[in-house]
Amino acid sequence: MTTRWFGERVQRVEDDRLLRGHGRFTDDINENGERALESVLVRSPFAHARIRSIDVIAARAMPGVVAVFTAADLPFGHTDLPILIPHPNLTHGRTQRCLASEVVRYVGEAVAFIVAESRSIAEDAAELVQVDYELLPVVITPESAARADHLVHDDVPGNVAAEMIQEAGAVQSALAASPHRKRLHFRFERGAASPMEARAVWARWSTAEHRLTVYDSTQSPTSIRGGLAVLFGLPESNVDVIAPDVGGGFGPKIMLFYPDELLVPFAAMKLGRPVKWTEDRQEHFTAVNQERGQVHEVEVGYDSDGKLLALDVDFVHDAGAYTPYGIILPIITAAQVPGPYRVPNYRVRFRDVYTNATPTSPYRGAGRPHACFVMERTLDAVAAELGLERAEVRRRNLIQPDQFPYEVGVAWQDGNRVVYDSGNYPALLEKALTNLGPRPAGDQVGMGLGMYVEGTGVGPYEGAHVQVLVSGKVVAATGIPSQGQAHATVWAQIVADQLGVDVADVEVTSGDTRRFPWGVGTFASRGAVTAGNAMAVAAGMVAEKAKHIVADHLEVDAADLELVGGKVQVKGSPDRGMPLAAVAVLANPVRYAFGGGSEAATQFTARARPGPPLHEGEQPGLEATGYYSPPGSTWAAGCHAAYVRVDPKTFRLEILKYVVIHDCGRVINPLVVEGQIEGGVAQGIGGAFYERLAYDDEGQLRNASFMEFLMPYATEIPTIEIDHIETPSPLNPLGIKGAGEAGVIPVGAVLASAIEEALGIPITEMPLSPLKLFELSRPS
Amino acid sequence: MKVNGAVHPPPVDPRRLLSDHLRHDLGLTGTHVGCEHGVCGCCTVLLDGAPVRSCLMLAVQAEGHDVTTIEGLAADGEALHPVQQAFHECHGLQCGFCTPGFVMSVVGLLEQHPNPTAEQVDEGISGNLCRCTGYASIRRAVVRAAELSKQ
């Protein structure tokens, strides 16, 4: 393979229509001018209540209302939604129903569904739905959940959905033998992904074709399709699910099923008209999954050089009201606490506890920002106790480049063990320190440092279809959708290299089950590794097929052929070859010449060869479908370092310099990877210092609007200085590792470290804010 | 009201927001709705040449005014507007949802400050939220757009 496009800063092919306002997001769908019915959900205003009755008579009677559904009106109304990732330790997994009819367990839980001729009529009708609630006691913090002050589910003792204990080495004896021991406590609050496009679903049922078409702002159209086929008893081939342009995902759109994802298709089938639902921002705040609420107790044992001897971590994960996503989040935290460091004895226990809040599922970083916070804050504490430089303590504990593959000794989210495939952690650290440079002058300036590893590219698999058309253009498709990660560009780069064509001649479709029906989804920094390698596999199969067709026709050895410049040619003899377009024609023996040069493949003109036109095992068309299933995760890594200044009176945060050294193996497109990192760091800064989900004791989110949930604008985000190192993954042919989540992971740890130094106060919690720093600085 | 140079009748429903009118009555879905309370800036359009949030206006309030949406900056088949071109060159967009609002804000910014300082750039885009890019590439795009606008 001649590498030509891989690694280049190719400008994105998806930009033009997005820039012209021709993007197609789910709320923009208006197929053939069909005006879809519009819908709204009636949601619980209480965090915990028994439903005595639901009265929808007035709503149903309102002119313009087409249908009102409660659980009693649904054939699946009394079925619990699935636990997506069952696990033996999830002994008390609970999921909600599509519409609650007995008990609501968080503010925002759906109770009724209204379909009307317009959105405004549906919203007016929602006001007429009378739900009689009997209030129940609320459990909102993970601490109160763990104390079991009250129960979220009557049949879940202690509110504990799951408990898991893992140990590598012998922590008790190692702690007992440690020259130094320290106990630490770290608290992380919930955060919200807040993509700029909230969620939306559009569905149409065709009775004539017996076919369901769904547009969904989802990270996993293939899984939605599988679920809808099961629910409605349809063959999967009669269900099309398309994630059109998706306005950001960051995790919560991988959750399935949100109630609307079942109700909108159900209503479209029942009413025989297209139905749409578009979430508004306020309901997004409580209806869409959140993440990050965890409380950690740590005991560390270390020697006088600052070398770690034992680490004991016991943490509580805030699951929210239900556990649809299983226990993936605490499993990831448990696996990722040790990070890039040698921890010879490690024990980790977690309890996943129910609270009366929105359920949790991965949000960019998914269990890792808190894991990183725990480890990095612990190392800072060790450095402070021993009077050592923070960088030096890290240097003494890093896994060395000759220690790969490195086994951590705990379980990973894919059912395998955690084994780091490759990396050079000391190089990351030294480069970050060099790029950070000297400390700026002034008071209240602090330096922060944080390192992380990230398990990326989890399985089970992704696939791709690649076809050379008789025009010579190439079409490629994969099941996973893009939410802005430039899939159409980077997959085109990979395919173009394999086929020796221009990147502009490759057109990619992703996230449309009509084009590619199999696959898993876009999450866990896995797209490039799984779908990227699948693209290389499929395009490689097409290249081999092209060589064999040309070898037949030119009577040369296929091994002597290469694909260059849109042609298949004999190596070293560019005049002996054939354009790919002509090969595509020959790949399909035809009876009828239908244009596009196809006369060359008709029975009286094609070069005769013995046997039938298609030999046994041959398939028509210059196309192939290929799959890639990773043997294990690829482990990306990085080091962030920063200087900050904190105003001693207003506690305003000023980030003076922020450097990132990033290793995601071989980089397909630096432009895209840098965009991912810049965006991730910004999201990390928002989560660390500006954004806070302010739940009160009654479980009400008091700041469910962008007026009060303060996402950073350009004025809050500094320039991020990015540099790369590349340690290719030995696990996949392209040597790549994932990059989507990395930027966000260490930001909290870095800012905590820097602010702690700037103000001289211990920082053990996230998020911070000027008010929080003022409170922490007050003499007690 | 005039939208992208063409005259349109007023909306039937007097409580229709300008953003909804553009999107759902006129089919100009390039104007996006991210929060409907005037914070995110996704719905930014030009009203008589100045950026406004179309979710904070009723469509009837635009009567007698000249509205420009993202679709009005460059006709199909024609070259991108310099601001659009700059966003492309500088990777100033990822998911593309906030992008039309940013582009319209930057058109307004460069109208006011053809050579914006770094502070004016940050100020000029500080009414728009982006969750993907971290703003660095958008800042670069504004500087590049100022260059392209002069060519």
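A:Cys372 is buried, at a relative accessible area of 5%, in this predicted model. A:Cys639 is also counted as buried, with 0% relative accessibility. A:Cys372 takes part in no disulfide, and its nearest cysteine sulfur belongs to A:Cys639, 9.7 Å away. For A:Cys639 the nearest cysteine sulfur is in turn that of A:Cys372, and A:Cys639 is likewise in no disulfide. The distance of 9.7 Å is to be set against a cut-off of 2.5 Å for a disulfide. Over all chains, the search of the whole structure returns zero disulfides.

| Cysteine | Relative accessible area | Nearest cysteine sulfur |
|---|---|---|
| A:Cys372 | 5% | A:Cys639, 9.7 Å |
| A:Cys639 | 0% | A:Cys372, 9.7 Å |

Chain B is split into two parts, domain 1 (2–72) and domain 2 (82–150). The C-alpha centres of these domains of chain B are 20 Å apart. At their interface, 16 residues of domain 1 of chain B contact 14 residues of domain 2 of chain B. About 1,100 Å² is buried between the two domains of chain B, and carbon and sulfur atoms account for 66% of that area. Of the area that domain 1 of chain B buries against domain 2 of chain B, 41% is supplied by B:His32, B:Cys42 and B:Ile70, more than by any other three residues.

Between domain 1 and domain 2 of chain B there are zero salt bridges, while four residue pairs are in polar contact across the interface. On the side of domain 1 of chain B that touches domain 2, the elements giving two or more residues are strand E3 (44–47) and strand E4 (50–53) of chain B. E3(B) provides the largest share of that side, three residues.

Key. Residues numbered from 1 in each chain as written. Chains lettered and ligands numbered in written order. Predicted model: local features only at pLDDT ≥ 70, side-chain atom pairs only at ≥ 80, totals over all residues. Heavy atoms only, no water. Buried < 20%, exposed > 50% of the residue type's maximum accessible area, 1.4 Å probe, protein only. Domains from an automatic or database assignment. Contact = heavy atoms within 4.5 Å. Buried area = accessible area lost by both parts, 1.4 Å probe. Salt bridge = Lys/Arg side-chain N within 4 Å of Asp/Glu carboxyl O. Polar contact = N/O pair within 3.5 Å; in protein donor to acceptor, adjacent residues only side chain to side chain. Helix = DSSP H or I, 4+ residues; strand = E, 2+ residues; numbered from the N terminus.
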